[in-house]
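Me: I am new to this structure. Let us go through it in short steps.

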Amino acid sequence: MQITLFDHIAGAYYGDLRMDDSIVEQIVDHTEETWQPDRRDEERGSNTRQGKVAEEIVEQFFLQFLEDKIAMKSYDDIRNDDFEKHAPFDFLIWKKGTVDIKPIVASIQRDIDNTPNNFVHLSEYTRRLCKDANVKIAEVKSTQIREDLKRNSGFSGNYEDGNEVRKLINEIKSKDDIFCYPYFTRSVSSRDYSMEDYCQLAKQQENSLNPFTGEKLRKMVLELEVIHQCCDVFIRVYLDLTAKRGFIIGWLGKEHLLDYEVRLKRMPKRGKSENALYFTKKLSEVEGIDTLPELFEEGLAVYASPYTTNFYHCKTDCKYIRNVKWEELKVFTSEEQARQDGRYTKRCLNCFDNRGDYDGES
Ligand SMILES: [Zn+2]
């Protein structure tokens with residue numbers, strides 16, 4: 001596969017991919033279509049194949065451009081279910097040389113075994129392991145490059161022409177979205193469902209939201225979305241399957257995607273009165289894929305309990321916070337961020353000491 005990097009976009013010409021059609025068929029056989037149960041088998045097959053092509057491009061990009069910085073493992077390499085169950089993510093990624101991935105893989109396989117239905121749900125234990133080791137859970141979202149995008153950017157179909165391709169990419173970035181699914185509901189029948197409606201629904205389901213209204217409620221709901229969202233990183237890929245071309249448009253971390261500026265979007269489902277709900281941001285806001293290693297340059301995440309003192313912790317299994325429910329645990333992306341909160345000003349002696357780099361502070 002030939003991949004070039006231009007303007008922080010990865011462009012791939014993938015020629016004839018060695019794709020295992022039997023795997024695609026297996027997935028199609030087992031896929032429960034939550035979104036469009038009316039879709040025919042062929043259509044599901046081309047969607048699954050499209051997803052696999054996109055994953056392959058991302059994997060090849062990591063190997064060719066970021067091999068010395070990022071290590072990765074695909075969900076397909078981890079899964080032990082004969083492709084029977086719905087995948088909760090596509091890749092694990094981490095800073096090369098920093099993580100023993102085996103316990104995390106084993107934990108995910110246990111989660112798959114323990115899933116009673118077809119929708120694998122990562123356990124709190126697995127998510128804590130990933131968080132503590134700074135392993136990011138990534139999802140690749142792929143879309144076919146539509147004719148209107150080609151037409152509006154004046155694209156003639158020549159992917160060798162750098163200027164034409166740039167215009168096409170700009171058109172995609174200005175028109176399309178990056179998105180994820182909401183936690184509290186994924187579809188509504190109302191035509192004018194708003195973020196306020198969604199916040200009220202969240203309030204009905206989550207007692208801890210009771211005291212809040214208005215802006216504060218919206219903020220708290222979005223915090224819960226970040227906590228419940230299992231994927232840390234979303235990677236966006238656009239494909240032209242006929243021309244065998246693919247473009248990695250960029251990535252966004254979940255905290256950025258689900259920040260205060262996020263929009264709730266309704267999409268009519270074909271042939272139904274229901275609307276699918278998404279949280280979206282414009283693709284123009286994504287980060288270039290070559291900047292992905294920056295994810296691992298920040299300080300390690302730290303944690304704090306909402307019930308106790310002003311200490312923050314670097315391990316979620318520290319004896320002082322391990323009984324705090326995952327949803328209630330405060331998570332900061334760095335020590336600096338915890339201190340900026342104003343309340344959590346001190347390192348926990350217990351877990352920072354055990355980490356071996358305690359610098360005597362606090
Ligand atoms: Zn601690």
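Me: How many bridges join strand 5 to strand 8?
Reply: This is a predicted model. In it, strand 5 and strand 8 run parallel. The number of bridges joining strand 5 to strand 8 is 7.

Me: Do strand 4 and strand 5 run parallel or antiparallel?
Reply: Strand 4 covers residues 91-95, and strand 5 covers residues 136-144. Leucine 92 stands opposite isoleucine 137 in strand 5. The two strands are joined by 3 bridges, and they run antiparallel.

Me: Which residues does valine 237 contact, leaving aside its neighbours within four places in sequence?
Reply: In general, nonpolar side chains tend to be buried together in soluble globular proteins. Beyond its sequence neighbours, valine 237 is in contact with Ala54, Ile57, Val58, Val140, Ser142, Gly246, Phe247, Ile248 and Ile249.

Me: Where do the buried residues of helix 7 lie, seen down its axis?
Reply: Helix 7 spans residues 162-175 and reaches 20 Å from its first C-alpha to its last, close to the 20 Å expected. Its buried residues are Val165, Leu168, Ile169 and Ile172. An α-helix has 3.6 residues a turn, so residues three or four places apart point the same way. The buried residues of helix 7 fall within an arc of 100 degrees, so they line one face of the helix.

Me: What covers the buried residues of helix 7?
Reply: Helix 6 (147-152) is one of the elements over them.

Me: Is leucine 222 buried or exposed?
Reply: Leucine 222 lies in helix 9 (residues 214-228). Beyond its sequence neighbours, leucine 222 is in contact with Leu258, Tyr260 and Val262. A residue needs 20 or more other C-beta atoms within 10 Å to count as buried. Leucine 222 has 20 such neighbours, so it counts as buried.

Me: How far is serine 334 from tyrosine 303, C-alpha to C-alpha?
Reply: Serine 334 is in the loop between strand 14 (330-332) and helix 11 (335-340). Serine 334 is partly exposed, with 13 other C-beta atoms within 10 Å. Along the chain, serine 334 and tyrosine 303 are 31 residues apart. Their C-alpha atoms are separated by 9.2 Å.

Me: What share of the protein's residues count as buried?
Reply: The protein has 12 helices and 15 strands. Among contacts with a separation of 6 or more, 66% join residues 24 or more positions apart. Of the 362 residues, the buried share is 27%.

Me: Where does the pLDDT fall below 50?
Reply: The mean pLDDT is 87, and 88% of residues reach 70 or more. Where pLDDT is low, the predicted coordinates should not be read in detail. One such stretch is residues 33-38, where pLDDT stays under 50. It is also below 50 over residues 356-362.

Terms used
Residues numbered from 1 in each chain as written. Predicted model: local features only at pLDDT ≥ 70, side-chain atom pairs only at ≥ 80, totals over all residues. pLDDT = per-residue confidence, 0-100. Contact = placed C-beta atoms within 7 Å. Helix = DSSP H or I, 4+ residues; strand = E, 2+ residues; numbered from the N terminus. Buried ≥ 20, exposed ≤ 12 C-beta atoms within 10 Å, placed from the backbone. Expected span 1.5 Å × (residues − 1). Arc of directions from axis to C-beta. Pairing = 2+ DSSP bridges.
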